Amino acid sequence: MGIEDILMYDESLFQNINAFDPDYVPPNYNFRDTQMEAMAMSIRPALRGGQPSSAIVLGSPATGKTTAIKKVFELVEKNSEKVLCVYINCQLHTTRFGIFSQIFKKVFGHIPPETGVPFSRIYDQLMKELQKTGRSIVIALDDINYLFQSKNANKVVYDILRAYEEYPGVKSSIFAILSDLEFKYSFDKNVNTVFIPQEITFPLYTYSEIENILRDRAKAGFYQNVLPDDILEQIAMYTLENGDLRVGINLLRSCGNIAEADASREITQEHFDKAIESLVSVKISEALNSLSDLERSVLKLIADNEGMYTSGELSRIFKEETGSSYASFNRAVDKLEFVRLIDTKFTGKGAVGNSREIILRFSPDDYEL
Ligand SMILES: Nc1ncnc2c1ncn2[C@@H]1O[C@H](COP(=O)(O)OP(=O)(O)OP(=O)(O)O)[C@@H](O)[C@H]1O
Ligand SMILES: [Mg+2]
């Protein structure tokens with residue numbers, strides 16, 4: 001097809017292409033009932049005029065945390081006027097003022113003036129309003145690790161949870177959401193006395209859950225019979241082995257695009273292979289871009305001599321050619337393995353039995369090294 005044909009071709013495989021967008025909220029939201037029930041239990045007291053409790057929501061990327069909290073907040077607000085739910089993306093709002101502006105906006109319908117008004121005044125206005133109306137407030141701080149980076153986490157949590165001391169009757173709680181599981185959060189002592197969260201965890205999805213979710217998504221996004229079962233299964237398997245749910249959702253979309261460009265009425269094996277190929281090639285390019293000059297020259301040496309030498313032999317060649325130490329060669333090899341450009345295998349040979357065989361994980365002819 002020519003470019004114009006591609007643009008104007010009006011038969012589409014997509015019933016709703018937005019179903020594959022990152023902000024699409026699926027009407028069917030399965031496998032997260034336990035977590036959403038726990039969230040609801042924390043908020044429930046507030047619907048009866050009591051104090052909502054706080055929670056820490058933990059789980060790897062794309063396990064559904066953001067979607068779950070948004071769904072629960074929506075339900076709470078649909079059912080009660082007594083509770084205000086504020087969702088804040090801490091990647092976007094990292095300052096104390098920025099965060100309170102979002103809360104202010106929820107309460108008053110507009111953000112406060114950006115200049116000329118001190119924080120204390122805005123805080124005061126906000127808390128007096130909550131006091132006056134008797135509504136309680138539940139604040140989700142999504143990706144709260146960013147607040148630790150900007151060193152605002154303690155202040156913000158403290159400001160929110162300790163408000164009742166100065167403004168009796170104010171009822172507030174926090175849902176802190178965290179996806180970086182390595183991240184060790186710790187609050188100051190004075191915060192720990194008010195922030196006593198329960199933990200709600202989002203486990204990784206299993207294969208059958210992934211398949212189920214992707215099947216639903218395909219149903220919403222494609223016309224009937226566009227996606228054969230065996231392709232869906234391959235997409236689900238690839239998702240399980242190589243990444244998270246977002247990878248699978250993106251793959252669905254790119255398979256659809258490739259099939260459409262091919263003027264096909266359904267997605268075939270060939271379309272799937274092509275989609276994977278371009279995904280892999282993006283990954284390799286990203287990995288190559290992350291290399292230092294030295295790591296890149298080690299990789300080039302490996303590629304030029306593929307399969308001919310062990311790491312020990314290569315390190316000697318590298319030392320002769322560049323004057324770099326064995327240690328920096330070995331560090332570079334570790335990095336290349338870490339970014340999955342190579343695999344290494346101990347051979348049990350070499351002076352101390354630690355020489356490694358190096359295998360390239362991509363075809364060097366396709367990339368500029
Ligand atoms: N149970 C589910 N059913 C349908 N779609 C889901 C489900 N869980 C996650 N998704 C989809 O996966 C994607 C990622 O979900 P979400 O953004 O809620 O994850 P997250 O845990 O907040 O991830 P991150 O830690 O990266 O912020 C979204 O497109 C969402 O619609
Ligand atoms: Mg999220």
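## A tour from helix pair to ligand

Start by selecting two helices: Tyr207, Ile210, Glu211, Leu214, Arg215 and Ala218 in H10 meet Leu232, Glu233, Ile235, Ala236, Thr239 and Leu240 in H11. Two residues are in contact here if their C-beta atoms, placed from the backbone, lie within 7 Å. Helices are DSSP runs (H or I, at least four residues), numbered from the N terminus. By class, this contact has eight nonpolar, one polar and three charged residues. Ala, Val, Leu, Ile, Met, Phe, Trp, Tyr, Cys and Pro count as nonpolar, Asp, Glu, Lys and Arg as charged, and the others, Gly among them, as polar.

Before moving on, a word about what you have open. This is a predicted model, in which local features need pLDDT of at least 70 and side-chain atom pairs count only at pLDDT 80 or more, while totals for chains, interfaces and linings use all residues. Residues are numbered from 1 along each chain as its sequence is written, and chains are lettered from A and ligands numbered from 1 in the order in which they are written.

Now show H10 (residues 207-221) and H11 (residues 229-242) whole: their axes come within 9 Å and cross at roughly 130 degrees. Axes are lines fitted to C-alpha atoms, for helices over the stretch in contact, and angles run from 0 to 180 degrees between N-to-C directions. H10 and H11 are therefore oblique to each other, a label for angles that are not under 35 degrees (roughly parallel), over 145 (roughly antiparallel) or 65 to 115 (roughly perpendicular).

Next, select H14 (residues 293-304) and H15 (residues 311-322), whose axes come within 11 Å and cross at roughly 125 degrees. That makes H14 oblique to H15. Look for Ser297, Val298, Leu301 and Ile302 in H14, which meet Leu314, Ile317, Phe318 and Thr322 in H15. This contact has six nonpolar, two polar and no charged residues.

Zoom out and colour by domain: domain 1 (3-10 + 205-288), domain 2 (33-202) and domain 3 (290-366). These bounds come from an automatic or database domain assignment. The centres of domain 2 and domain 3, taken over C-alpha atoms, are 49 Å apart.

Last stop: ligand 1. Which residues come nearest to ligand 1? Of the 19 around it, they are Pro61, Gly64, Thr66, Thr67 and Ser179, where a residue is near if its C-beta atom, placed from the backbone, lies within 6 Å. Helix H3 (65-79) and helix H12 (245-261) are the elements that give two or more residues to this shell. Domain 1 and domain 2 each supply at least three residues to the shell around ligand 1.
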